[in-house]
Every structure is written in C-alpha cells, then in structure tokens.
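The structure is shown first, and the notes follow by topic.

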Amino acid sequence: MHHHSVLLVEDNEDVRAAIAMLLRVEGTGVVEASDGAEALDQLHKGPPPCVILLDLMMPNTDGWQFRKAQIHDPLIAKIPVVLLSGAGNLPHHADELGACGYLKKPIDVDELVHTVWRFCDHAEPQLAI
C-alpha cells in the first residue's frame, strides 16, 4: 500500500509524537526528526517527503539554520516547507524563509490535516516509512 510521506521536524517529543500519530491515522507516512540536523540527515536517507513540517525554535540546528542548508542543497531545495511554531510574527517568518505556509501552535488538527493533504495530493505516492 502506498502512502504520502511528511518529514516532521519538532524538538518537543510529546508534540512530535501526537502530530505523527494523527497524521499516520490519516494515512500519511511520517518521518520524524528532533532538530534541523537530524532532518537534513533524514532527507538524504530516503525518498523525498511531500512536505516538511518545520518547528522554528529548536536546540542545536533550529528552523532558520535548517532552511538555509535546505535551500543551498539542490537535492532537497524544492521540497515545500510549512512552519509549525508558536513564535510571534509567524507570517513574516514564513515569508522570510520562503515557506509555503505556516500553522500556529497550538495546532488546529483540521488545519494540519488539510495542509498536509494539500501538499500530498499533488505529489506521487511514497511508500510508508
């Protein structure tokens, strides 16, 4: 069975587990990363996800550092990114980072599912990871 996949980059383990579980129940494959460095690693290990759900404020490699590295890597530069953050001025951050959208924490479940499917519907199905 084929599934679309998402890369979920979130340092809070409880938040990451809850979002991942929700998306998996909805039929989406989820690859998890706890910071930007781990996310970059995951992107080079397997097939590209439909979309990257990216927290901004993380230890080690934060969302800004991740996006800088992603944009400069032609193999992963075109994968769309949606910010997941409680940061203020999120529309501005999304614009400055070239993100395709944003979801403010606490995340609205319906909005999350709708956002993921908006991106996954336009991609070729991936094997569940």
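The largest nonpolar core of this chain has 21 residues, and those with the most contacts inside it are L7, V9, L43, I52, L54, F66 and L83. The elements that give two or more residues to this core are β1 (2-9), β2 (28-33), α2 (36-45), β3 (51-55), β4 (81-85) and α4 (90-97). The model is predicted.

**Cores**

- Leaving aside neighbours within four places in sequence, L54 is in contact with V9, G63, F66, R67, V81, V82, L83 and L84.
- In soluble globular proteins, nonpolar side chains tend to be buried together.

**Packing of α2 and α3**

- Helix α3 (residues 63-71) packs against α2 at an angle of about 30 degrees, and the axes are 9 Å apart.
- Angles under 35 degrees count as roughly parallel, so α2 and α3 are roughly parallel to each other.
- The crossing of α2 and α3 is right-handed.
- From α2, the contact uses G36, A39, L40 and L43; from α3, it uses F66, A69 and Q70.
- These contact residues divide into five nonpolar, two polar and no charged.

**Packing of α1 and α5**

- Helix α1 (residues 13-25) and helix α5 (residues 109-120) have axes that come within 11 Å and cross at roughly 60 degrees.
- This angle makes α1 oblique to α5.
- α1 and α5 cross in a right-handed sense.
- On the α1 side, I19, L22 and L23 meet V109, L112, V113 and V116 of α5.
- The contact of α1 with α5 has seven nonpolar residues, with no polar and no charged ones.

Key:
Residues numbered from 1 in each chain as written. Predicted model: local features only at pLDDT ≥ 70, side-chain atom pairs only at ≥ 80, totals over all residues. Heavy atoms only, no water. Axes fitted to C-alpha atoms, helices over the stretch in contact; angles between N-to-C directions. Helix = DSSP H or I, 4+ residues; strand = E, 2+ residues; numbered from the N terminus. Parallel < 35°, antiparallel > 145°, perpendicular 65-115°, else oblique. Left-handed = near helix turned anticlockwise from the far one by under 90°. Contact = heavy atoms within 4.5 Å. Nonpolar A, V, L, I, M, F, W, Y, C, P; charged D, E, K, R; others polar. Core = buried A, V, L, I, M, F, W, Y, C linked by side-chain atoms within 4.5 Å. Buried < 20%, exposed > 50% of the residue type's maximum accessible area, 1.4 Å probe, protein only.
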